Structure formats: structure tokens, C-alpha cells
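Open the model in your viewer and get ready to select residues. This tour goes stop by stop.

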Amino acid sequence: MEGSNKNCRFCDLSLHAVMDTDEHAASFLDAYPAVEFHTLFIPRRHVLTYFDLTKEEHASIFDLVQMQRKRILDQDPTIEGFNVGWNCG
């Protein structure tokens, strides 16, 4: 991650099974999933909240969400809905 921080659980992406990544964001399956396919999407730059992301970071994360949605539906076309949320604070 950009601006590595030893207290950040996401800084060392090698600890996670990264699925997709680009210059602004990365995605991987949650280690403690609430449901099957529970996926985390994180910016590469440290920011406090969603509202601190740049337009490029927003677009990148949206693209990764779309890629994961397609991957999930390819694996299980019976899924009828998705819940996309963002924790701020």
C-alpha cells in the first residue's frame, strides 16, 4: 500500500489472497466472511473515510466491485442480490 503503516492490517497485501488490483485499489475475500463471497475492496492510499477518496480511487473501487459481481454470478447464477456498503469511522 502507498504510505505503508505498521498498524494497518491491509498494508501487507501478501497476507491476503488478492483477487484483483490496480494502481488505486485492491480486492480480496474477507478472512471472516459474513456470507459466501464476502469481499473487501480497499484503496491503496491510506484515507480515513470513503469521503477522502479521489475520483480515480472511487472509479477504481467501483470497477473492482463490478468485476467481483461478474465473478460471483459466473460461479452462482442463482444469487439475486448484492449488498455493497462502506464503513466510515
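Select Thr39 and Gln68 and show their side chains. A polar contact of 2.9 Å joins the two side chains. Keep in mind that this is a predicted model.

**Stop one: around Thr39**

Stay on Thr39. Which strand holds Thr39? Thr39 sits in strand β3.

Is Thr39 buried or exposed? Its relative accessible area is 14%. Buried means under 20%, so Thr39 counts as buried.

Now select what surrounds Thr39. Set aside its neighbours within four places in sequence. Thr39 is then in contact with Met19, Ser27, Phe28, Leu29, Asp30 and Gln68. Gln68 is the partner from the opening view, joined to Thr39 through side chains.

**Stop two: the aromatic pairs**

Next, select Tyr50. Look for Tyr50 in the loop between β3 (39-43) and α1 (55-75).

How many aromatic pairs does a search of the whole structure find? The search finds two. Tyr50 and Phe51 make an edge-to-face pair, 5.4 Å centre to centre, with 90° between the planes.

Why does the pair of Tyr50 and Trp86 tie together parts that are apart in sequence? Tyr50 lies in the loop between β3 and α1, while Trp86 lies in the segment after α1, so the pair links parts that are 36 residues apart in sequence.

Keep Tyr50, Phe51 and Trp86 selected together. Ring pairs link these three residues into a cluster.

**Stop three: the surface**

Tyr50, Phe51 and Trp86 form a nonpolar patch on the surface. Together they have about 340 Å² of accessible area.

Colour each one in turn. How exposed is each residue?

- Tyr50 is partly exposed, at 32% relative accessible area.
- Phe51 is exposed, at 66%.
- Trp86 is partly exposed, at 35%.

Why does Phe51 count as exposed? Exposed means over 50%, and Phe51 has a relative accessible area of 66%.

Thr39 is buried, whereas Tyr50 is partly exposed. Thr39 belongs to strand β3, and Tyr50 to the loop between β3 and α1.

Definitions and conventions. Residues numbered from 1 in each chain as written. Predicted model: local features only at pLDDT ≥ 70, side-chain atom pairs only at ≥ 80, totals over all residues. Heavy atoms only, no water. Patch = residues over 30% accessible without salt bridge, like charges linked within 9 Å, V, L, I, M, F, W, Y side chains within 5 Å. Areas by Shrake-Rupley, 256 points an atom, 1.4 Å probe, with all protein chains shown as cover. Salt bridge = Lys/Arg side-chain N within 4 Å of Asp/Glu carboxyl O. Helix = DSSP H or I, 4+ residues; strand = E, 2+ residues; numbered from the N terminus. Buried < 20%, exposed > 50% of the residue type's maximum accessible area, 1.4 Å probe, protein only. Polar contact = N/O pair within 3.5 Å; in protein donor to acceptor, adjacent residues only side chain to side chain. Contact = heavy atoms within 4.5 Å. Phe/Tyr/Trp six-rings, centres within 6.5 Å; stacked < 30°, edge-to-face > 60°.
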